[in-house]
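Please read the following points alongside the sequence and the coordinates, which are shown first.

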Amino acid sequence: MKTIIKILLFITANHSFAQISDFNHIDFKKADSIALSYTNEGLYNLPKLAFQLTNDLDTDAEKFRSIYFWVCHNISNNYSLYLRNKHQRHRLKNDSIKLKNWNDNFKKKLFKKLLKHNTTICTGYAYLVRELANLANIKCNIIQGYGRVSTTNIETLDLPNHSWNAVKLNDKWYLCDPTWASGIPNPKTNSFSFQYNNGFFLAEPKLFAVNHFPVDEKWSLIEDNAATFKEFLAAPIIYGKAYERLDNHILPKEMHQTIKRFENVRFEYQLKKQIQPKAVVFKIDNGTSIEKIEPMNISVQNSTLKIEHQFTKKGFYDVHLYLEDHLIATYTFKIKS
């Protein structure tokens, strides 16, 4: 009996294809407006804040939206804190006792900064979203795992480095990443710019999985053919704008490709909305210059974008895909004769 219950719980947690389109019938403008009306509200009374953000809204989806939207517009990403934590965790990774002590002490300092200065790292974002949601009687979990961005060194990605949320709405689980949705930290200046990205709100699990890998695999919310950790590390780099324009990244499966000259290469994506073929551009970087080209063959049918291209010159290239002037994904190609 216990085994059956566990299987049922697993299936419930893994209900796939839970995404924002499930709520196309809801206009989130009221929720967003309420969230913006409490800009700069302090964190010293979370029950009061949760009430303010949700009391005038009817559905759990709207209430969670207001909470999430508020966090993304009021909490800044502290890049210097992130670097300090990353450095210490890697330094202590082979000493479990010292690592645990560091984690425990760092969390205390982290939440003091969050409370006093409204600044944090991913752990604080996920914690705050969960606490506010739970206060509004919405079930929300913190998901620990691995995140990949363009600056991530996958050779040293041996410890979980990111946190995000899963929220239960209408008996389905959904994924969101308030950290990456809130804006862009500048590694050079340690400054932060609020630039809300709606694509990380109730994101499509298969796209989310390209650069999020949960420690507990059930929280991928993908029932079949979820990527292994090895496949996750080998995947292409996708950027924030991909979440605003794609429902899924299908091909190529891996970032690094070795092919012959004139070999046909396929790219395939599921689009959120239709685009014109002329909006599809490659920028090819050979290490000394960047060439902007149109792929050889582009088709857009229904919501599927298919691209075919051939590389005619030997060499090693970074290939950047742009849609409507927005950077979507990066691949590398080694072209042999």
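**Notes on cysteines and surface charge**

1. With a disulfide taken as a pair of cysteine sulfur atoms within 2.5 Å, the count comes to 0 disulfides. The model is predicted, so that local features need pLDDT of at least 70 and side-chain atom pairs count only at pLDDT 80 or more, while totals for chains, interfaces and linings use all residues. Residues are numbered from 1 along each chain as its sequence is written, and side-chain values use heavy atoms, with hydrogens and water left out.

2. The sulfur of cysteine 122 has its closest cysteine sulfur in cysteine 72, at 13 Å, which is too far for a bond. Cysteine 122 is buried, at 8% relative accessibility (buried means under 20% relative accessible area, exposed over 50%, partly exposed in between, with a 1.4 Å probe and protein chains only).

3. For cysteine 176 the closest cysteine sulfur is that of cysteine 140, and the separation of 6.1 Å is again too far for a bond. Cysteine 176 is buried, with 0% relative accessibility.

4. On the surface, Arg84, Lys108, Lys109, Lys112, Lys113 and Lys116 form a patch of positive charge (patch residues have over 30% relative accessible area and no salt bridge, and like charges are joined within 9 Å; a salt bridge is a side-chain nitrogen of Lys or Arg within 4 Å of a carboxyl oxygen of Asp or Glu). Helix α6 (residues 96–117) supplies the largest share of the positive patch, 5 residues (helices are DSSP runs of H or I with at least four residues, strands runs of E with at least two). Lysine 112 lies in helix α6 and is exposed, its relative accessible area being 62%.

5. Lysine 188 sits in the loop between β6 (183–186) and β7 (191–194), and is exposed at 81% relative accessibility.

Technical notes: Patches are made of residues with over 30% relative accessible area and no salt bridge: like charges are joined within 9 Å, nonpolar side chains (Val, Leu, Ile, Met, Phe, Trp, Tyr) within 5 Å. Accessible areas come from the Shrake-Rupley method with a 1.4 Å probe; for residues, only the protein chains shown count as cover. Lys and Arg count as positive and Asp and Glu as negative; His and the chain ends are not counted. The place of a charge is taken as NZ of Lys, CZ of Arg, CG of Asp or CD of Glu.
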